Amino acid sequence: MTVSFDIARLDPAAITPTVAQQIRSIVVRATEVDGTAPLSEQAVKAVTSGNEVTHLVATSGSAIVGYAGVAPGTPSMAEVVVDPEFRRRGTGRLLVERALSEGGTGARVWAHGNLAPAQAVASALGLDIARELLQMRRPLGAPELPDVVVQDGISLRTYRGHQDDAELLRVNNAAFSWHPEQGGWTEKDIAERRDEAWFDPAGVFLAFEEGTDTLLGFHWTKVHPPEAGENEIGEVYVVGIDPQAQGRGLGRILTLAGLHYLRNRGLGDVLLYVEADNAAAVHTYERLGFTRFHVDAAYTRR
């Protein structure tokens, strides 16, 4: 059956609660069908709070059947979802093509899980992979977690509130100055995550130079609720180390502290994301029992 549809750009003011709910419902249905979320947490949040994001919707009659968000940056990054009932009709290809045009020179589009339909769209549009992000996982029961051994000169504690934010921002932005999504955080970014239902201050670990207020590194954990047939799962959400404190084993200490916390919450598994070309980080996580689960690919024009 042939279904006609239109693609339109929406101003943020046009994304009413009803429109936002339609987009979120598509994301939920796509997650259930694909077994992986088509949009990142940041992209979902930007549906209603991303005033700088370009919002594109594909509609069939009055129904929204697809969405693309294009976030500004160098390069700009797009994320796309199509309602499973309206796939294989060219909607995804046209949304991706329009998103890349809106994003300008060098724009990229994420394919979360890099599933076969995304690969087909990329092939049809002549796109190449510019970046790969690995999702790695490990069970929290076995292999047994190593003990957390904190070295002399380092003190480890959990998040105490707003008074920790300035140092968190300093270390985060120094550690991820190169990163298109994680770098350049502001107080607003921390506040938004602190307001999320999943936030738990007991799951944010901070390593300080002993006897000072100088933060050396942090590990922010997260717990995902059950979805798409999966049980509740923990995440190594962000591990950030001050570049001036590299070489002191802080990444291992902080990661293990978070893993023990997630295990003690009764979770069975944990996931994390790491750049595929970051061989040192991938090796570190493999030594901690993580294995590769799937790949998110960012495609761009040749």
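How many of the seven residues of strand S2 are buried? Let me start there, with two cautions before the answer. This is a predicted model, in which local features need pLDDT of at least 70 and side-chain atom pairs count only at pLDDT 80 or more, while totals for chains, interfaces and linings use all residues. Residues are numbered from 1 along each chain as its sequence is written, and side-chain values use heavy atoms, with hydrogens and water left out.

The answer is six of the seven, and strand S2, residues 54–60, is mostly covered; buried here means under 20% relative accessible area, exposed means over 50%, and partly exposed lies in between, with a 1.4 Å probe and protein chains only. When I say helix or strand, I mean DSSP runs numbered from the N terminus, H or I of at least four residues for helices and E of at least two for strands.

Now to the partners of S2. Strand S1, residues 6–10, runs antiparallel to S2 and is joined to it by five bridges, with Ala-8 standing opposite Val-57. On strand S3, residues 63–71, the pairing with S2 is again antiparallel and extends over seven bridges; Ala-58 stands opposite Gly-66, and Thr-59 has Ile-64 as its bridge partner. Two strands count as paired if DSSP finds at least two bridges between them. The hairpin of S2 and S3 has two residues between the strands, and in it Gly-61 takes a positive phi near 65 degrees.

Stepping back to the sheet, we have 12 strands in an open arrangement with mixed pairing, in the order S1-S2-S3-S4-S5-S12-S6-S11-S10-S9-S8-S7. S1 and strand S7, residues 154–158, stand at the edges with a single partner strand each, so one side of each is left without a neighbour in the sheet. On average, and with direction ignored, neighbouring strands of this sheet are turned by 25 degrees against each other. Helix H2 packs on the sheet, where it touches S2, S3, S4, S9 and S10, and its direction makes about 80 degrees with that of S2. Contact, here and below, means heavy atoms within 4.5 Å, and axes are lines fitted to C-alpha atoms, for helices over the stretch in contact, with angles that run from 0 to 180 degrees between N-to-C directions.

Next, the helix pairs. How do the axes of helix H5, residues 165–175, and helix H6, residues 187–194, cross? They come within 10 Å and cross at roughly 115 degrees, which makes H5 roughly perpendicular to H6. For these words, angles under 35 degrees count as roughly parallel, over 145 as roughly antiparallel, 65 to 115 as roughly perpendicular and the rest as oblique. The crossing of H5 with H6 is right-handed, meaning that the near helix is turned clockwise from the far one by less than a right angle, anticlockwise being left-handed. Asp-165, Leu-168 and Leu-169 of H5 meet Glu-187, Ile-190 and Arg-194 of H6, and these contact residues divide into three nonpolar, no polar and three charged. In that scheme Ala, Val, Leu, Ile, Met, Phe, Trp, Tyr, Cys and Pro are nonpolar, Asp, Glu, Lys and Arg are charged, and the others, Gly among them, are polar.

The buried residues of H5 include Asp-165, Leu-168 and Leu-169, and their cover includes H6, S8, S9 and S10. In H6, the buried residues are Asp-189, Ile-190, Glu-192, Arg-193 and Arg-194, and what covers them includes H2, H5, S9 and S10.

In the other pair, the axes of helix H3, residues 91–103, and helix H4, residues 116–125, come within 10 Å and cross at roughly 60 degrees, and H3 and H4 are therefore oblique to each other.

Finally, some backbone details. Most residues other than glycine have a negative phi, and most peptide bonds are trans. Arg-88, which is not a glycine, has a positive phi of about 65 degrees; Arg-88 is found in the loop between S4 and H3 and is exposed, at 88% relative accessible area. Asn-114 also has a positive phi, of about 45 degrees, but Asn-114 counts as buried at 14% relative accessibility. The peptide bond from Thr-74 to Pro-75 is cis, with omega near 5 degrees, and a cis bond also joins Ala-142 and Pro-143.
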